[in-house]
Amino acid sequence: MKIVSILGARPQFIKEAIVQKEINRTDNIEEIVIHTGQHYDKNMSDIFFKTLNIPIPKYNLGIHSDTHGIMTGKMIIEIEKILINEKPNLVLLYGDTDSTLAGAIAASKLNIEIAHVEAGLRQEPKTLPEEINRSLVDRVSNFLFCPSELSVNNLSIENITKNVVLSGDVMYDLFLYMKDKFDYSIIEKLHLREKDYVIMTLHRDVNVDSKKTLEIILKQISFISNQLKVVFPIHPRTKKRITQFDLEKYLYNVIVIEPLDYLSLMGLTENCFKVITDSGGYQKEAYFCEKEACILMQDTAWRELIQYKWNKICDVSNFKETVLSNCSKKYISNLYGEGNASKLIVNYLIQHYVSI
Ligand code: UD1
């Protein structure tokens, strides 16, 4: 069987790293990888391929830094050409980015079957770019691999029940697989000590594209940074906006660093006090590291962690108390599978394609 996997953004490189390992364990699958180019800076893309041992993709489309429509449109055009040429049995998609949506549209119009890894997540408001992407992709997917029970239920509410598999979360697989290799050197490099710092990541358009909202968030961060060290691996989009809106003054006390590779971010997170983030994947990785996360979003696609009162949804104008308060919760058993999601996914696909 032949699979074309489509990647474009950081979280997809992370997911592919572990699924690809599982694919490579079998003789039955040939995998071709397309990188749309959505993330392209060295420390947003290349570094993940290097540190997670993912071979350079056969195709790199070099499409990035434009409106959703232009990027998605250009990606569809190029992905379609490759799919016509490669003739795969299946297109493998991850998550909820514009690259995911482009792959889904190109494949479904060519009647090529689609497997969606991280299916069934839902989040308010429905107008979020990621929410639009993931719900459209789930509509046209033939195999829906869900990371949690809640995501299976979400699909069932929408009458999507065929080939819906509770696989667990591939990011948890990678976390366990890479745990021994986490890189702690950054802690010393930044003169940090265990639990004396929080880590913040921020990149969502709703938080960084409006000067008003970004300023409200950074004011709180500035306050927190007077009490506790704040390490801020900064997304290029956020960096551009802070400069454009002239908000650097709020970062006076903040340790601003370039985006980190996976192993360094996990090493840093395992030793932090708390996490502040608007990233979907990172709020869950914080939980894998047994750290609480304050989520700067109105809602999250990982609602289990809210229900279990591990993570907290925070108002962007009032989160400093939540960040500075002591952690009181006991780590609960894992909500995202047994660390064998990739294996279940690959086995399910092999069985399906052998049986037809
Ligand atoms: C994208 C995904 C989001 C995911 C995130 C992970 C969509 C709609 N969003 O958001 O789901 O959580 O990736 O990081 O697909 N930029 C650079 N260098 C890069 C990458 C981006 O400078 O390597 C800048 C560009 O100005 C670009 C902007 O960041 O226009 C936004 O990038 P984009 O990929 O559109 O969205 P993300 O915010 O990264």
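Visitor: What are the ground rules here?
Guide: The model is predicted, so local features need pLDDT of at least 70, side-chain atom pairs count only at pLDDT 80 or more, and totals for chains, interfaces and linings use all residues. Residues are numbered from 1 along each chain as its sequence is written, and side-chain values use heavy atoms, with hydrogens and water left out.

Visitor: Ligand first. How many residues surround it, and which are the closest?
Guide: The shell holds 22 residues. Gln 38, His 39, His 235, Arg 237 and Lys 240 are the closest. A residue is near a molecule if one of its heavy atoms lies within 4 Å of it.

Visitor: Which helices supply at least two residues of that shell?
Guide: α1 (10-24), α3 (68-86), α5 (129-140) and α11 (236-244) each do. Helices (H or I, at least four residues) and strands (E, at least two) are DSSP runs, numbered from the N terminus.

Visitor: How do the shell residues divide by class?
Guide: Seven are nonpolar, eight polar and seven charged. Ala, Val, Leu, Ile, Met, Phe, Trp, Tyr, Cys and Pro count as nonpolar, Asp, Glu, Lys and Arg as charged, and the others, Gly among them, as polar.

Visitor: What about Asp 41 and the ligand?
Guide: A backbone N or O atom of Asp 41 sits 2.9 Å from a ligand oxygen. Asp 98 also uses a polar backbone atom, 2.9 Å from an oxygen of the ligand. With Asp 96 the atom is a polar one of the side chain, 3.4 Å from a ligand oxygen.

Visitor: How much of the ligand's accessible area does the protein cover?
Guide: It covers 90% of the 740 Å² that the ligand has on its own. Accessible areas come from the Shrake-Rupley method with a 1.4 Å probe; for residues, only the protein chains shown count as cover.

Visitor: New topic. What's the volume of the second largest pocket?
Guide: About 240 Å³. A pocket is an open set of points on a 1 Å grid over the protein atoms alone, with protein on both sides within 12 Å along at least five of seven lines; a cavity is a set where a 1.4 Å probe fits but cannot get out, and lining residues have an atom within 4 Å of a point. Grid points are joined across faces, edges and corners, and a volume is the space filled by probe spheres set on the points.

Visitor: Which residues lie nearest that pocket's centre?
Guide: Ser 148, Glu 149, Glu 304, Leu 335 and Tyr 336, out of 13 lining residues. The elements giving two or more residues to this lining are α6 (149-157) and α14 (304-307). By class, the pocket lining has six nonpolar, four polar and three charged residues.

Visitor: And how many cavities of 30 Å³ or more are there?
Guide: One. The largest cavity has a volume of about 40 Å³. Its lining includes Val 117, Glu 118, Phe 145 and Ile 345.

Visitor: What's the phi of Asn 53?
Guide: It is positive, about 55 degrees, although Asn 53 is not a glycine. Asn 53 sits in the loop between α2 (46-51) and β3 (59-60). Its relative accessible area is 61%, so Asn 53 is exposed. Buried means under 20% relative accessible area, exposed over 50%, partly exposed in between (1.4 Å probe, protein chains only).

Visitor: And Asn 111, where does it lie?
Guide: In the loop between α4 (98-109) and β5. Phi of Asn 111 is near 60 degrees, again a positive value in a residue other than glycine. Asn 111 counts as exposed because its relative accessibility is 72%.

Visitor: Last one. Ser 99: buried or exposed?
Guide: Buried, at 0% relative accessibility. Ser 99 lies in helix α4. Its side chain makes a polar contact with the side chain of Thr 36, at 2.7 Å. A polar contact is a pair of N or O atoms within 3.5 Å; within protein, one must be able to donate a hydrogen and the other to accept it, and residues adjacent in sequence count only if both atoms are side-chain atoms.
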